[in-house]
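Subject: Structure for you to look at

Hi,

Here is the structure I promised to pass on. Please open it next to this email and follow along.

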Amino acid sequence: MKTILISFLLLFGTPLFAQKTMVLQIQTSAQCGDCKERIETALNQAKGVVYAELNLETKVVDVKFKPAKTNKEALQMVLVNIGYQADDKKANPDALKALPLCCQPGGH
Amino acid sequence: MKIKLFIAALFWSALALGQIRGVVQGADSVQTKPLKNVKITLLGAGTTVYSNEDGTFEILLGKQQPDTLLFVAKGYRSDRLVVTRSDRFLALNVVLVSGQLVQEIVVSKQKDAHGISKLKTLHVEELTSAEFRKAACCNLSESFETNATVDVSMSDAISGAKKIQLLGLDAVYTQLQFENIPFLRGLESAFGMSVIPGTWLESIQITKGTGSVVNGYESMAGLVNFEFKKPKEMPRLGLNLYQNRFGRTELNLQGGQQLSERWHMGLFASGAAVYGNFDDNNDGFRDQALSNTFNLLQRFSYQGPRMEAQLGVQAYADQKIGGQSSYTKASPVGYGMQLASEHLSVFSKTGFFGKKPAQSLGVIAQFKYQNMSGLYGLRNFSGREKRGYLNLIYDDIIYTADHKIKAGASFQALSLSQWAGQPFGAEVVGADRTEWVPGLFAEYAYAGNRLSAVVGARYDQHNLAGGQFSPRAHFKYALTPQLDARLTAGRAWRLPNFVVDNLSLLASSKTWLAPQALQPEVSWNVGASLVQGFTFKKRKGSLSLDAYYTRFSQQLVADRDSLSGAVVFKNLIDNSLATVLQAEFSYAILRGLDLRLAYKFQDVRALFNGEFQTQVLLPRQRIFTNLGYQTRNKRWSYDLTYSRYSAVRLPQGGQGSPWGLLNAQVTRNWKQLELYAGGENLLNVMQYHPIIGAQDPFGEAFDATELWSPIMGWNVYFGLRYTIK
């Protein structure tokens, strides 16, 4: 029984899930816990995102998302629009100015 | 066996690895406060952590020792500290000195919603705003509903007023504070808890045992401090709405604003109404009293180079009408309950900083006016209170920050006039009194490698109670880096006020037999606790055990056993005590799924009707379970709380049945908006005849005070929180 279940999962489950969601890593300019909270909130509330978790040491955010609903560029733009660099895309300067001191360039 | 091995493994791993923990603070010319997100690097091992919201951090030592910790924070000078394995018992206290102008440091929500502080010498349980969101309600008494330490119950079946108990003793034996200012005392103690909205709160600290002498002499069972939101850190706008199926609506507003470089202002406003006329048990009485409450608080904060200040003014009005369904204000026919209460208070807290960084002088001042009047049936009550409070605290260190000293003087003045009527006829029990209480105190705190201690004493000269000396001592010892043992012992006292302390007992036809003389209540409290923290499968948990014993050398008790037609107030000498044991376990059983289990045993006894027996209407045992789940993207949170209470003893013999309470809530979070919906008392537990003699409310048998479980059945509520940062 177990074997049948597992083979079913292997046959249908894995490809199905793989197509439904993707995990993306974006290099950000986050500097402190405030940045972490802002980035995670913005991405978690964005369309098509399953979850987003930022590692403060590497400044890389892991985003699990549904490719049918959003894409890499859209997710990068979420970060740009709230004042953070996303991979090679520069932060929106107006949004960057509005961030708290510890998130400003050289804040840490 | 497996569990033993597991625990042994925990001890061993913690010892072998050597975990260092502590708190980082930032000191500038204005103040010293915990710093969050300080980058802390262990240079040899190459590991980096960031300090938490409250400045605390934990880091594992590597193989290379001694190693150097490097602390880096924007706006502060970086600091280095050499650490070795022997420092693993030490709670490091690192103070970074400001490098330039004061920087804005935004403090937001704490990480853990609930926990016992590792660094404090006293056993302090901390509840934060994340914890209050688990039960989206409403006022101070209800904010304890997801907590096992404090019990919430209703005081009578007519007014619906809720009361809290700590260590099996009523709230009057616990010192309540608003940011270290006396709070909800005197006339307010009967109904005041339900007036303050929970959404105004930032956090609550519950200290078991007598607490610090700096705060006063009244903490016989413990000390509960309520921290409200601070003007500097408040959102620009916060809106909260609540509605339940029993016709209760609440609207709470708050907003913070920067007035100038150094001044901030915060404004809080709240309106609450209960308008649902329900009589589900068909006894002719409203199951809940109708009420209207308005509450305003405006506060200011100032931060300057040599001083800081907090100023504020609070005003509220509370009106209740309850009793038989036919009874209204326009046509007061039948048995009714009414309350009209007004409150005005102003407070100020100022701190002046000395030339040395740790030297300061604090001045706390408060003036309060309270006016209250009302009735239970034919029994009127009224009171007027004016209270002034002043506390001066000098803070300094002796040579190093390991030895701290606090000393000061306090002064209280009270003018209280009150009156209460008997059920039949006009005989009056009441008292007018004026109190003058000058006091002196000193406290020494030591923070060592494994041991820390707080030893203090205060002397108060009360014009009615005489001179009272209150020595207190608290110790904490780190048995292992993860296991803390605490001991506490101390004396506390208060001057009782049998009318206000027992106001809800007016909801009965029983005559009151007043005490012979006004005597202070005096108690000794001793307690011990063990808190074991652990990390299992990368998720944190804790296990705590504590026991507290309160022995009254003098206590004023309400004896409801001696006479069937009366409540006898007696001064007992060496004839009452309370023993409370509590065990609590918390662990994240899966990612995002937190479990909390608690068991409490309370044995509260006094001499009632010549027999040393259990306090009436108090459950001897309680089991508490809380399960909280938050999705990985934090969009949804779910909460489930179940409390089981054992049977209670009834006055004049008999037992009330055991009961259980099940509450659940779901919250959906967006960027600025949170929507919540929940249910209370989902098992629909009700005490079907909460009012004895309800058919004849003016008869001799009438009694609405034998209440132990809910009057109303299942409840559903929903609401929203909207925040602009």
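Along the sequence, chain A reads α-β-α-β-β-α-α. That makes four helices and three strands. Keep in mind that this is a predicted model. Of the 108 residues in chain A, 30% are buried. Now take the contacts in chain A between residues at least 6 apart in sequence: 52% of them join residues at least 24 apart.

Next, the sheet in chain A. In which order do the three strands stand? The order is β1-β3-β2. The sheet is open, and the pairing is antiparallel. β1 (22-27) and β2 (49-55) of chain A are at the edges. Each has a single partner strand, so one side of each has no neighbour in the sheet. From one strand to the next, the twist averages 20°.

Look at one pair of strands. β1(A) and β3(A), residues 60-65, run antiparallel and are joined by six bridges. Find Leu24(A): its bridge partner in β3(A) is Val63(A).

- Helix α2(A), residues 33-44, touches β2 and β3 of chain A. Its direction makes about 165° with that of β2(A).
- Helix α3(A), residues 72-81, touches β1 and β3 of chain A. Its direction makes about 40° with that of β1(A).

Where do the chains meet? The contact takes 17 residues from chain A and 15 residues from chain B. On the chain A side, α2 and β2 each supply at least two residues. The residues on that side divide into nine nonpolar, six polar and two charged.

Now move to chain B and the largest nonpolar core. This core has 45 residues. Which of them touch the most other members? They are Ile164(B), Leu166(B), Leu167(B), Leu169(B), Ala221(B), Val224(B) and Phe226(B). Several strands of chain B supply at least two residues each, including β10 (124-128), β12 (162-166) and β16 (201-208). The largest share, four residues, comes from β17(B).

Pick out Leu166(B) on your screen. Leave aside its neighbours within four places in sequence. Leu166(B) is then in contact with Thr149(B), Val150(B), Thr174(B), Ala221(B) and Gly222(B). Another core, of 43 residues, lies apart from the largest one. Among its members are Phe285(B), Leu505(B), Val616(B) and Ala704(B).

Best wishes

Conventions:
Residues are numbered from 1 along each chain as its sequence is written. Chains are lettered from A and ligands numbered from 1 in the order in which they are written. This is a predicted model: local features need pLDDT of at least 70, side-chain atom pairs count only at pLDDT 80 or more; totals for chains, interfaces and linings use all residues. Two strands pair if DSSP finds at least two bridges between them. Axes are lines fitted to C-alpha atoms, for helices over the stretch in contact, and angles run from 0 to 180 degrees between N-to-C directions. Two residues are in contact if their C-beta atoms, placed from the backbone, lie within 7 Å. A nonpolar core is a set of buried Ala, Val, Leu, Ile, Met, Phe, Trp, Tyr and Cys residues joined through C-beta atoms within 7 Å. A residue is buried if 20 or more other C-beta atoms lie within 10 Å of its own, exposed if 12 or fewer, and partly exposed in between; C-beta atoms are placed from the backbone. Ala, Val, Leu, Ile, Met, Phe, Trp, Tyr, Cys and Pro count as nonpolar, Asp, Glu, Lys and Arg as charged, and the others, Gly among them, as polar.
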